[in-house]
Amino acid sequence: MAAAMPLALLVLLLLGRKGWCLAEPPRDSLREELVITPLPSGDVAATFQFRTRWDSELQREGDTDHYFLRYAVLPREVVCTENLTPWKKLLPCSSKAGLSVLLKADRLFHTSYHSQAVHIRPVCRNARCTSISWELRQTLSVVFDAFITGQGKKDWSLFRMFSRTLTEPCPLASESRVYVDITNYNQDNETLEVNPPPTTTYQDVILGTRKIYAIYDLLDTAMINNSRNLNIQLKWKRPPENEAPPVPFLHAQRYVSGYGLQKGELSTLLYNTHPYRAFPVLLLDTVPWYLRLYVHTLTITSKGKENKPSYIHYQPAQDRLQPHLLEMLIQLPANSVTKVSIQFERALLKWTEYTPDPNHGFYVSPSVLSALVPSVVAAKPVDWEESPLFNSLFPVSDGSNYFVRLYTEPLLVNLPTPDFSMPYNVICLTCTVVAVCYGSFYNLLTRTFHIEEPRTGGLAKRLANLIRRARGVPPL
Amino acid sequence: MGLLSDPVRRRALARLVLRLNAPLCVLSYVAGIAWFLALVFPPLTQRTYMSENAMGSTMVEEQFAGGDRARAFARDFAAHRKKSGALPVAWLERTMRSVGLEVYTQSFSRKLPFPDETHERYMVSGTNVYGILRAPRAASTESLVLTVPCGSDSTNSQAVGLLLALAAHFRGQIYWAKDIIFLVTEHDLLGTEAWLEAYHDVNVTGMQSSPLQGRAGAIQAAVALELSSDVVTSLDVAVEGLNGQLPNLDLLNLFQTFCQKGGLLCTLQGKLQPQDWTSLDGPLQGLQTLLLMVLRQASGRPHGSHGLFLRYRVEALTLRGINSFRQYKYDLVAVGKALEGMFRKLNHLLERLHQSFFLYLLPALSRFVSIGLYMPAAGFLLLVLGLKALELWMQLHEAEVGLEEPGGAPGPSVPLPPSQGVGLASLVAPLLISQAMGLALYVLPVLGQHVATQYFPVAEAEAVVLTLLAIYAAGLALPHNTHRVVSTQAPDRGWMALKLVALIYLALQLGCIALTNFSLGFLLATTMVPAAALAKPHGPRTLYAALLVLTSPAATLLGSLFLWRELQEAPLSLAEGWQLFLAALAQGVLEHHTYGALLFPLLSLGLYPCWLLFWNVLFWK
């Protein structure tokens, strides 16, 4: 299984300056789809997409003003029903009808991978972009694990996965479809069987390879009326072997190296497994200020040689105000591993700045990799409106490339943490006592003391001494 | 402070210290030893308790039932290992993949500085295999490690079998919040060191290894497992790590909890837990365990592959299955259940283990002595050095005064600060020479092994050990001749100044050592302090010399070996002891080069030169 990506909620707010103006009455439209992909390991991935569009009075004019572009990452979010329930409530049919009846929390959280997202963006309604619609796209991807969910069995059905079957489409949906990846099924070896047999299929180039999907359209009344419900089943004719999954062309790994609480190194490994094509990657790193980066230690090596990035943008951190921002365009040679590493020093926080669980460590957000990855099969440019929604997850730019954005794993870094407990107080007290005593002891060791004799003798002696001093004779 | 800055009272105090110096020293030394012995009695030892909230109150139900599977895996593993003569990497990879792990391998090679005769290895190359169980819906930021070190002989097959069976069981569970790494290393600790260095992408010991392909975030805790039979009668736990580092006490408490829950017989240092602490028997038995722990911790070597994890601040311990002649035997399911329980509780951890003690001594599995209670023992011993130094300082001071004003009135005379120019200049030569001897002791044996094998009929390892001993002995002859070049205008002041410097040097070193590795500091203080305090060029010199030789670092090592075997109830004969001593020397040097153990440089660069200074004092003419 690919390294689980963090849930990064990305909200782009692009607001025009001109504000409000009247437009046509809102026209809502909903498309929903579910893509089921059996994986060679015997696991199965399911991706829901719900797209709602409405015309809005919020309008935007001209190009995006970068002044309003914000990027924020929360490196850690625990997935649970707390963030699934409000997400479901955004759906027009909630979880009453259509594909969303399958969104049953106890099954969705019995998976090995879970990713949930909300995207909001403005879409031009015409070519000149004089008016816009707003698009709300909700995606949910889960991977059902043959070892955990399937108890070792590798045959899947909708009921097994979600403990629900499909009964009716959402009445508000203009399109409601289930796609099943049957690429292996259609080839000669016939490893996979899908039941009920699909009526139509769809072919496309996804992630650079040709894929065939069986389509089940819920709006097609015959589909559900035959048996009152739709329970798609996948059967492996030959059980898949436990082989390592095929390696994608671009993948990455990130880790903290070194030990101890003073210094460390952030290393990112970028893998290009394409046998002959090199391609550039845009690497975006935001690092919290309490890791003080040493930019002069930034090294990028591929195949043992230094790799000079063609573009570097670095914005240093300000303590307690803004994180480091490091953005680089790096060319990845064919069939290579590129290591990007930068050293840092761990800052000592003020004692009120520590989190309630300081010994857990502090999270560092994932790096973001954006790349145009060369594809194996040339793809035709497609009409976004007509093709399925999942097609736009990895948009094809010019037929030979597809766009991929990858998030590496977040990191957990330990900072020097005082022991917030009774011994800590004891240490503080002891240090104070030692500091106080040190001065006196130093004094005692470096000085010699002797007694000043009290002035004895009367006036006569003092006079005599005065005279003796005038004569240059030692006093009495 | 007022007491000390008032010259009259200060003088009185100084007199007191001078006059009562010898009894005070004896008292302090005896108090130190007595305090240490008292550590095993109940007011000073406390019951252990779980401090970590996340592991305390929650109960887990162990469901592991893969005993047959573990045995089958172990048999297969042993057969494949016998066939290939090395770690069956391909078989392990296949099996780990079949139980649903993400499998990676790492190859490493290391040329040891000289051949290791106890393990019979020199040019080592091997492969580590590890499988990662990815926690569902988590982002691989934290992980736990279960590791089985495999040596060159065919032990530990059952541990590999249990590891695989546990992996298969764990893989079917949904509750994991941390990734779990199942690591099988070749060449026991060398493989572990290679893997750890590669995981943290550092190179501490000059190991050559391939970079790791798969990682799983920050390792929170690790458990090493050593099992060589299908049934065990008891589980022994080892905590002492590299350079005397110890894991957090909570990890040991966790193990003890599951020992009690599963009704397992668990031992510490191979000793059973005494039940009765109120009578004398319990504490005496505890004292044996405590002494064994002190000896093992003082040795600074990793007692199990967990010891190497501690450097990276990964709390770790080693569990050893012991199969002796006891009646009641446990099968692998019982051990597996204990491990499952431990991992499930470690999985609950929200923070790194930090709540409980990091510095402790253990007289039994359920009793501990915290740092606040055992430190005074070392403090009393070091006080002897302080008292002696104070006495010398004052004597020097008075000698100075006496030289300046012979027969001067004691009260109002103004004592000048002692002019230290002459005293210090005479110290430079012995200091430099003894330090140079230490450096030679540290560098020459490994560097000169090839020269030695050319001219003498010995193997490399023998050459290293014999060179070590030769330089050590040569040090005794060399430096005490050096002061002849120094002016001898004040014969007593010379050795007094030298002894003063040596005392302070020794006290500083022992103090620092006792802070980081109490056992080593205490052991060295116990032996070195009396001889150091007594050394002077008058009186029964041969007696002093004998005492000094008997308490030199090397003799301490030899003595510790005998004591260790005595406590383990396997006494050594003299010849055996000598052989063991030679092997221990070679191991000490090797462990410094392969794992970064600090005992060898500490002794050769720090304590040996310091001890030579006292030798020098003794033979001052």
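UniProt positions are given here in the numbering of this structure, and its annotations may be inferred rather than shown by experiment. With that understood, the UniProt annotation "transmembrane region", from an unreviewed entry, covers residues 424-445 of chain A. The structure is a predicted model. Chain A is divided into domain 1 (28-58 + 70-236) and domain 2 (250-413), while chain B is assigned domain 1 (86-269 + 301-353) and domain 2 (424-619).

**The annotated segment of chain A**

- Residues 424-445 of chain A are 100% helix and 0% strand, and the end C-alpha atoms of this span lie 30 Å apart.
- Helix α6 (422-446) of chain A is one of the elements that each supply at least two residues of the side of chain A that touches chain B.

**The two domains of chain A**

- The C-alpha centres of domain 1 of chain A and domain 2 of chain A are 29 Å apart.
- In this pairing, 21 residues of domain 1 of chain A are in contact with 27 residues of domain 2 of chain A.
- About 2100 Å² is buried between domain 1 of chain A and domain 2 of chain A, with 62% of it on carbon and sulfur atoms.
- Within domain 1 of chain A, the residues that lose the most area to domain 2 of chain A are A:Y71, A:P75 and A:L207, which together give 25% of what that side buries.
- On the side of domain 1 of chain A that touches domain 2 of chain A, at least two residues each come from β1 (29-38), β2 (44-55), β8 (200-206) and β9 (209-217) of chain A.
- Strand β8(A) gives the largest share of that side of domain 1 of chain A, namely 4 residues.
- By class, that side of domain 1 of chain A holds 10 nonpolar, 3 polar and 8 charged residues.

**The two domains of chain B**

- Taken over C-alpha atoms, the centres of domain 1 of chain B and domain 2 of chain B are separated by 37 Å.
- Here 21 residues of domain 1 of chain B are in contact with 20 residues of domain 2 of chain B.
- Domain 1 of chain B and domain 2 of chain B bury about 1700 Å² between them, and carbon and sulfur atoms account for 61% of it.
- B:P113, B:F114 and B:N243 contribute 37% of the area that domain 1 of chain B buries against domain 2 of chain B, more than any other three residues.
- The rule finds 1 salt bridge across the interface of domain 1 of chain B and domain 2 of chain B.
- B:R301 forms a salt bridge with B:E591, and the closest N and O atoms of the pair are 3.2 Å apart.
- The interface of domain 1 of chain B and domain 2 of chain B also has 8 residue pairs in polar contact, both residues being at pLDDT 80 or more.
- Strand β2 (102-116) and helix α8 (188-199) of chain B are the elements that give two or more residues to the side of domain 1 of chain B that touches domain 2 of chain B.
- The largest share of that side of domain 1 of chain B, 6 residues, comes from β2(B).
- By class, that side of domain 1 of chain B has 9 nonpolar, 5 polar and 7 charged residues.

**The interface of chain A and chain B**

- The contact involves 41 residues from chain A and 39 residues from chain B.
- About 3500 Å² is buried between chain A and chain B, of which 59% is given by carbon and sulfur atoms.
- In chain A, the residues that lose the most area to chain B are A:F147, A:Y259 and A:N359, together 18% of what that side buries.
- The rule finds 2 salt bridges across the interface of chain A and chain B.
- B:R171 forms a salt bridge with A:D145, with the closest N and O atoms 2.8 Å apart.
- Between chain A and chain B, 13 residue pairs are in polar contact, with both residues at pLDDT 80 or more.
- Strands β3 (113-124), β11 (250-257) and β12 (263-272) of chain A are among the elements that each supply at least two residues of the side of chain A that touches chain B.
- By class, the side of chain A that touches chain B has 21 nonpolar, 14 polar and 6 charged residues.

**Salt bridges overall**

- Over all chains, the count by this rule comes to 25 salt bridges.
- A:D181 forms a salt bridge with A:K211, the closest N and O atoms lying 3.6 Å apart.
- This pair links distant parts of the chain, as A:D181 is in strand β6 (residues 173-181) of chain A and A:K211 is in strand β9 of chain A, 30 residues apart.

Notes: Residues are numbered from 1 along each chain as its sequence is written. Chains are lettered from A and ligands numbered from 1 in the order in which they are written. This is a predicted model: local features need pLDDT of at least 70, side-chain atom pairs count only at pLDDT 80 or more; totals for chains, interfaces and linings use all residues. Side-chain values use heavy atoms; hydrogens and water are left out. Domain bounds come from an automatic or database domain assignment. Contact means heavy atoms within 4.5 Å. Buried area is the accessible area (1.4 Å probe) that two parts lose on being put together, summed over both. Ala, Val, Leu, Ile, Met, Phe, Trp, Tyr, Cys and Pro count as nonpolar, Asp, Glu, Lys and Arg as charged, and the others, Gly among them, as polar. A salt bridge is a side-chain nitrogen of Lys or Arg within 4 Å of a carboxyl oxygen of Asp or Glu. A polar contact is a pair of N or O atoms within 3.5 Å; within protein, one must be able to donate a hydrogen and the other to accept it, and residues adjacent in sequence count only if both atoms are side-chain atoms.
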